[in-house]
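Here are a few exercises to work through with the model open beside you. Try each one before reading its solution.

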Amino acid sequence: MNRIEERFARLRQEGKKGFIVYIGAGDPNLAMTRQLALAFDKIGVDVLELGVPFSDPLADGLVNQLAAQRGLQSGTTPANVLETVAAIRKDSQIPLVLYIYFNLIHRCGLESFIKKAANAGVDGLLVLDLPPEEGEAYEALMKQADLCNIYLVAPTTPEARMAAIVKRGRGFIYYVSREGVTGMQSIVADSIAERAGRIRAHTELPVAVGFGISTAEQASIVARSADAVVVGSAIVNQIAEHGREPTLVAKITEFVKLLIIGVKNS
């Protein structure tokens with residue numbers, strides 16, 4: 001059982017909800033990415049998603065697009081993201097997911113990248129633009145490496161396709177709570193409870209809900225229907241605002257603590 005599965009098994013046993021953070025790797029630089037990861041572990045983040053910078057991040061809204069741009073400008077590559085994961089592993093066992101576009105994996109070589117990711121200490125991959133129907137070779141290699149292949153389900157996913165997708169996933173199912181790209185929203189979708197229930201009818205995997213969750217209050221509302229809550233853009237926006245300040249880690253940590261309280265006390 002890898003770290004993601006272990007964490008969700010523990011949360012289930014304790015009757016608690018999970019909290020997942022997304023940040024762009026290399027934003028503002030990889031040294032800071034490592035520091036943030038270690039800080040998140042200490043305050044109780046359950047899973048950390050690291051966005052691997054890509055020049056054409058089609059699933060991402062402006063906030064995360066700009067984070068990817070800053071990551072590229074800081075010299076971040078898939079190879080040195082894996083080096084950073086290995087550096088994090090010297091001091092932390094926080095479950096780590098790479099949020100990545102398939103072109104970056106393909107360029108490295110599918111088998112080679114998965115092996116390198118596992119050796120570095122990655123626990124799962126969320127490949128944004130790989131349809132599950134085309135994932136047979138990918139899934140076989142992921143299973144061999146004991147990595148979780150995490151799939152997305154959208155509000156528009158038909159029931160039959162949803163059932164097929166969730167049967168192929170491992171670790172957790174990421175439910176995209178609204179149509180469109182990532183980004184902060186003023187309200188959460190009112191269909192989350194119903195859609196999460198429909199997903200659970202087809203799988204025992206935890207359902208993590210993300211896209212558009214921006215505040216502790218919203219996180220608390222979503223946590224009532226989800227097994228875990230994912231917050232990305234709101235945190236990335238804080239990094240953008242405070243990225244050049246020496247107190248960046250402290251400021252981001254305080255912001256994330258409020259979100260964790262919202263989730264854990266829901």
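Helix axes here are lines fitted to C-alpha atoms over the stretch in contact, with angles running from 0 to 180 degrees between N-to-C directions. Helices are DSSP runs (H or I, at least four residues), numbered from the N terminus. The model is predicted, so local features need pLDDT of at least 70 and side-chain atom pairs pLDDT 80 or more, while totals for chains, interfaces and linings use all residues. Residues are numbered from 1 along each chain as its sequence is written, and side-chain values use heavy atoms, leaving out hydrogens and water.

**Exercise 1.** Work out how H4 and H6 are oriented to each other, and what makes up their contact.

Step one: take the axes of H4 and helix H6 (residues 110-120), which come within 8 Å and cross at roughly 25°. Step two: angles under 35 degrees count as roughly parallel, so H4 and H6 are roughly parallel to each other. Step three: look for contacts, meaning heavy atoms within 4.5 Å. H4 brings Pro-78, Leu-82, Val-85, Ala-86 and Arg-89, and H6 brings Phe-113, Lys-116, Ala-117 and Ala-120. Step four: sort them, with Ala, Val, Leu, Ile, Met, Phe, Trp, Tyr, Cys and Pro as nonpolar, Asp, Glu, Lys and Arg as charged, and the others, Gly among them, as polar. That gives 7 nonpolar, no polar and 2 charged.

**Exercise 2.** Is Thr-84 buried or exposed, and what does it touch?

Start with its place: Thr-84 sits in helix H4 (residues 78-89). Next, apply the cut-offs: buried is under 20% relative accessible area, exposed over 50%, partly exposed in between (1.4 Å probe, protein chains only). Thr-84 comes out at 9% relative accessibility, so call it buried. Finally, skip residues up to four places away in sequence, and Thr-84 touches Leu-30, Thr-33 and Arg-34.

**Exercise 3.** How exposed is Lys-264, and which residues does it contact?

Locate Lys-264 in helix H12. Its relative accessibility is 31%, so Lys-264 counts as partly exposed. Leaving aside neighbours within four places in sequence, Lys-264 contacts Leu-11, Lys-17, Gly-18, Phe-19 and Asp-46.

Notes. Helices (H or I, at least four residues) and strands (E, at least two) are DSSP runs, numbered from the N terminus. Angles under 35 degrees count as roughly parallel, over 145 as roughly antiparallel, 65 to 115 as roughly perpendicular and the rest as oblique.
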